[in-house]
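Me: I am new to this structure. Please show it to me, and then let us go through it in short steps.

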Amino acid sequence: WRHILDDDDYLEEFRTNHDGIMALSGHDVQNVRLLEVETGSIIWETQLQALDLERLPEFRCIGACIVFASDETADLFVSSNTGSIHRLNGLTGGTKWTWTPVDNAPLTPLSKMIAAPTTVYLVHFVKSTNSYKVHVTAIDSDSGEQIFTRALPADILNPTSDAIFVGNPRLGEATLVWAQPDGAKFLRLSTLKETRTPQPLVKHQKVVDVRLGAYGLFIALKADGSSSVMRVDPEGPQWIKVDWEFSDSASAPPKSTPIFTGGFDKQGRPYVSRTFWSAHSKVSTLVLGYLLVRVLTSTPKASRMELYVPHQNFINGFFYSFDTIQNGRMFHTAMDVASTGDKYFPRFAITTSTGSFQMWQGDRKLWLREEALAHIASATYVKLPHLAGQNTVVSNPVARFSSQLGELARAPVSAIVGLSNIIRSIYPPSAPGNSTTLDERFGFRHLIVVSTMFGKVLALDSTTGDVVWGQILGKRLNSGMQHFATTTETGGITSELFLIASSQADGGSSLVYHFHPLSGASLGSVQSREFAEPQYQFAETVVDAAVVENRLIMIDGHHNIHTYPKAASQQKLESASHMTSIYGSRYPPHVAGYRLSESGRPGSSSQLSARQTWSMSFGDESIHWFIKPTVSPTAAGNNTAASNPSNRNFVGIVSSTQGSTELVNCVVRIVDGTKGTLVYRAELGSGRCEDVRGIFIEDMFVYSHQDTVASGDSAKGFRITAVDLKTGPSANPQVQIQQRTFAVGFQPKYLASTFTKYGIALQDLIVATDKDQIISLPNRLLHTLGAAPQSAQGSSAAIPPSANVVQDEPRITISQNWQ
């Protein structure tokens, strides 16, 4: 199951308790929900009411905004972004009482909470010059009355990670443990009335929460990095003792920073694990006669998990092959344990720096999900080659299909096997990491190469979604990335792939990566055994780029030209003079057109320069989007599906202007980038201009928007407008504007267009909706000049050309799952 929150209902924290999940979300109005674990159904939900209090501007849950009561009830305590505490009925969600800060209680955005049977302790972290001080407020759990507040002599650098609760609160063991520069300290909260001073955690500098605080277990680190499992010992003289010390745990260069995790088995018994990556050396012992020989062997890319079993006080460790080249570094782990007698089998999940989510059972990987695909920065299609000996198949696929049907008729006993062979012969499954098994027979199969926000590039089989290859970019990157694919002159097969990224580590400089698109291998002179390294780098930010004669042409913000690969001094780019660049700036708002010239700028080593040909100012308007046509990847042999050459220099611009009231009016423009003339302008009225989406499809510009004001002949709702940009005959090459607007029963989130390599000349509109559906609107629905031309197979579109309203019905919904 999956529960999707609204965009403004940000998830602050969630906690599990028995068969339910408690979730706290929202900012302006905070919501608390109880969801059933097995189904995700909402059992109840309520809003926290504290309307007379101001919200804390930097409120953050740092691990304890939701706390379950320690008495026999199913109640819970919730800390809101106003600084108040609410006790809610766990069965109905009703509010029993609300505590609000009084004059002598600090009001801070960072706090933690723990509930004993009769008292709720609220720990505030108050910002000082270089650290945080600690104030503890005690609240009666039955009445909500404040009992007392105390200030503790603490000097905490990071309250999120340096302060934790340990001890079973039901038994009165609740203890606050924190780390500060002069060492770790702790204080039993029930002794605060006696104003006792904190006690030192001898020889330890830092503490780590493993979510086993209710069992009195946590991790403490010494100055050299060595780690120990600590336990609350009510019967002991020190209250907290060392339960286990990990051997060989001091910091060392060959090891990564360890990740500590707590977990349980089905009997509810706690466990603690330590996970780290190490280029470890394994010592083996051989006995040769009377001679004892110790052999040192090395296993690269190995990770080790050590499982501590508290109820038997021993360690169970093993190595597993975590691939750092493909998955980067481990970020988090979560685990549970299966036990049989004295044997323990941990199952653990890993999140990585590349957005990968993996599940392991001991040293065996069960599955992997590339969650980085939910955060794609840019994407491009890559054409695939034909395998040797397949030309006859591609040229006459119908004949081969008929032949295989004949074989089925002659061999009825082998019908199932024959049918499987037909399916496999059309598109055999791709083998991950082996692009040689991919082939392009009928124009429907491509590689989709995507760059993600996690700094990883992935190539996907478009027919199955399988990951064919992946590469980690060896730099910290910003969100802006662009793909450019070049093709050879024979066969139209993609031979090179360029990726332009912006670096975080080098002050926003631009990086150019160069890949072989079918294998992911780095091309160029800079090579690395592990991560993909940039082949070219310069200090400015790229504002526009294109591929001209298999060379990447880039324009930076100062109108300088950069080329990769570098052109020889005598080499000319014949097509450069025909290339027009259009880009703009939000501050101040304007758009300008530039034409590439073969004469270099004064003082520049490049033989190319950008000459401004026109400029358009937007006055006091704010620019939100620049929308440019994309060249269709349609191959030679079906030129009818290629982009209209006369429209390739158009640019769509979405801007907003402040009206006489506080409402913002959205404006959509289409500008001819060659001459800088305004082709189309439409005022959409008030609304969220950020939600306007647009795309160029063939000779049309299609955009979506929301109509927020009802008129006499139309209601509020979402609209899609198609603008025809057909040019007249050569004697009168003016753009003839006609448009058509129709209402849709969904909110368009993204727009795209279809394309194929063979047989289909028209491009349909693909719409991703707010319901996570993908809808296909036929091309003829978008045209305004009579009936659109039909394909050779005839029209099978579900919507008639005269329809004014389009609903999200199953006939046009092509996504597999309804949300």
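Reply: First, a term: a salt bridge is a side-chain nitrogen of Lys or Arg within 4 Å of a carboxyl oxygen of Asp or Glu. Keep in mind that this is a predicted model.

Me: How far apart are the closest N and O atoms of Asp707 and Arg719?
Reply: The cut-off for a salt bridge is 4 Å. Asp707 and Arg719 form such a bridge, and their closest N and O atoms are apart by 3.8 Å.

Me: Which strands does that pair link?
Reply: Asp707 and Arg719 are twelve residues apart and link distant parts of the chain. Asp707 sits in residues 700-707, which is strand β50. Arg719 sits in residues 717-727, which is strand β51.

Me: Is Arg719 buried or exposed?
Reply: Buried means under 20% relative accessible area. Asp707 has 19% relative accessibility, so Asp707 counts as buried. Arg719 has 9%, so Arg719 counts as buried.

Me: Why does the pair Glu306 and Arg274 tie together parts apart in sequence?
Reply: The side chains of Glu306 and Arg274 meet in a salt bridge at 2.8 Å, N to O. Glu306 lies in strand β25 and Arg274 in strand β22, so the pair ties together parts whose separation in sequence is 32 residues.

Me: Are Glu306 and Arg274 buried or exposed?
Reply: The cut-off for buried is under 20% relative accessible area. Both Glu306 and Arg274 are buried.

Me: What does 37% relative accessibility make Arg347?
Reply: Arg347 meets Asp336 in a salt bridge of 2.6 Å, N to O. Asp336 has 27% relative accessibility, so Asp336 counts as partly exposed. At 37%, Arg347 also falls between 20% and 50%. Therefore Arg347 counts as partly exposed.

Me: How many strands does the protein have?
Reply: The pairs above include residues in strands such as β50 and β51. The protein also has six helices. Its strands number 56.

Me: What share of the residues is buried?
Reply: The protein has 819 residues. Of these, the buried share is 47%.

Methods: Residues are numbered from 1 along each chain as its sequence is written. This is a predicted model: local features need pLDDT of at least 70, side-chain atom pairs count only at pLDDT 80 or more; totals for chains, interfaces and linings use all residues. Side-chain values use heavy atoms; hydrogens and water are left out. Helices (H or I, at least four residues) and strands (E, at least two) are DSSP runs, numbered from the N terminus. Buried means under 20% relative accessible area, exposed over 50%, partly exposed in between (1.4 Å probe, protein chains only).
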